[in-house]
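Dear colleague,

I am handing over the structure that follows. Please look through it first, and then read the notes below.

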Amino acid sequence: MKRDWLIYLVIFSLALNLGTIGTIVYLRYQDQQRLAAGPGPLPPMPPRALWRELKLDESQRQALRRLFPEHHRQVKAVRQELTQKRQELFELMQAESTPWSAIQAKVQEISALQGRLEEEMARFMLEFKKNLNPEQHAAFLNLLQTRLGCGPEEACGPDGRRRGPGKGPGPGMGHRGRPHGDPDN
């Protein structure tokens, strides 16, 4: 009887060790995959960290304090609406016979809300940028580029090429920066 318990204990210990080793190998694999994917966008920077990074003076900080509440209110409202619309989409997809047109309409609503969120972010950045001197402005753009996961060495364009002055035609542009369909092309 005592020998049976010893065998069961050894088998349990072996299974536990194999499970632990398997978990460690799996987590290491996941870490490797994340590293191979490259750095993604970083979370938003708290205002005080932004102040320190850009070396803002008191008047600039006050201007930023005036901008933040409205910005946060707008972002929060759009995010809440996005959450609601995504839940509605999930419910449509759970239903047995939801027409494709209803799902497409809900996806369009979600896309429009995501567009509003991007517009609010751009509006805020443009307003904030007005309060910066040229050196701070350059540091702000560099900080944004880094935090969006598009640093100096990473490809930023949709086709993997860098965009910006002297970096090739922009989106929708053809040969030598002329729009597609340009008769001179």
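F68, F124, F128 and F140 are linked into a cluster by ring pairs. Rings of Phe, Tyr and Trp (its six-membered ring) count as a pair if their centres lie within 6.5 Å; planes under 30 degrees apart are called stacked, over 60 edge-to-face, and the rest tilted. A pair of aromatic rings is described by the distance of the centres and the angle of the planes. By this rule there are 3 aromatic pairs. In one of them, the rings of F124 and F128 have centres 6.3 Å apart and planes at 10 degrees, so this pair is stacked. In another, the centres of F128 and F140 lie 4.9 Å apart with the planes at 65 degrees, so this pair is edge-to-face.

The model is predicted, so local features need pLDDT of at least 70 and side-chain atom pairs count only at pLDDT 80 or more, while totals for chains, interfaces and linings use all residues. Residues are numbered from 1 along each chain as its sequence is written, and side-chain values use heavy atoms, with hydrogens and water left out.

The overall architecture

The protein has 5 helices and 0 strands; helices (H or I, at least four residues) and strands (E, at least two) are DSSP runs, numbered from the N terminus. From the N terminus on, the order of the elements is α-α-α-α-α. Of the 185 residues, 18% count as buried. Buried means under 20% relative accessible area, exposed over 50%, and partly exposed in between (1.4 Å probe, protein chains only).

The aromatic residues in their helices

F124 and F128 both belong to helix 4 (residues 100–129), where they are 4 residues apart, about one turn of the helix.

Helix 4

Helix 4 consists of 30 residues and reaches 43 Å from its first C-alpha to its last, close to the 44 Å expected at 1.5 Å a residue. The expected span is 1.5 Å times one less than the number of residues. The buried residues of this helix are I103, K106, I110, L113, L117, E120, F124 and F128.

Salt bridges and a polar contact

How many salt bridges does the structure hold? There are 9 salt bridges, each being a side-chain nitrogen of Lys or Arg within 4 Å of a carboxyl oxygen of Asp or Glu. One of them joins R116 and E81, whose closest N and O atoms are 3.7 Å apart. R116 lies in helix 4 and E81 in helix 3, so the pair ties together parts that are 35 residues apart in sequence. Both partners are partly exposed: R116 has a relative accessible area of 39%, and E81 has 29%.

At 30% relative accessibility E109 is partly exposed, whereas K106, at 12%, is buried. E120 pairs with R123 at 2.8 Å between the closest N and O atoms, and they too are 3 residues apart in helix 4. E120 counts as buried at 8% relative accessibility, while R123 counts as partly exposed at 34%. Salt bridges that share partners also join K85, E88, K106 and E109 into one network.

K85 is located in helix 3 (residues 58–94) and is buried, at 16% relative accessibility. The side chains of K85 and E109 are joined by a polar contact of 3.0 Å. A polar contact is a pair of N or O atoms within 3.5 Å; within protein, one must be able to donate a hydrogen and the other to accept it, and residues adjacent in sequence count only if both atoms are side-chain atoms.

A nonpolar surface patch

L6, L9, V10, F12 and L16 form a nonpolar patch on the surface, with about 540 Å² of accessible area together. Patches are made of residues with over 30% relative accessible area and no salt bridge; like charges are joined within 9 Å, and nonpolar side chains (Val, Leu, Ile, Met, Phe, Trp, Tyr) within 5 Å. Accessible areas come from the Shrake-Rupley method with a 1.4 Å probe, and for residues only the protein chains shown count as cover.

Yours sincerely
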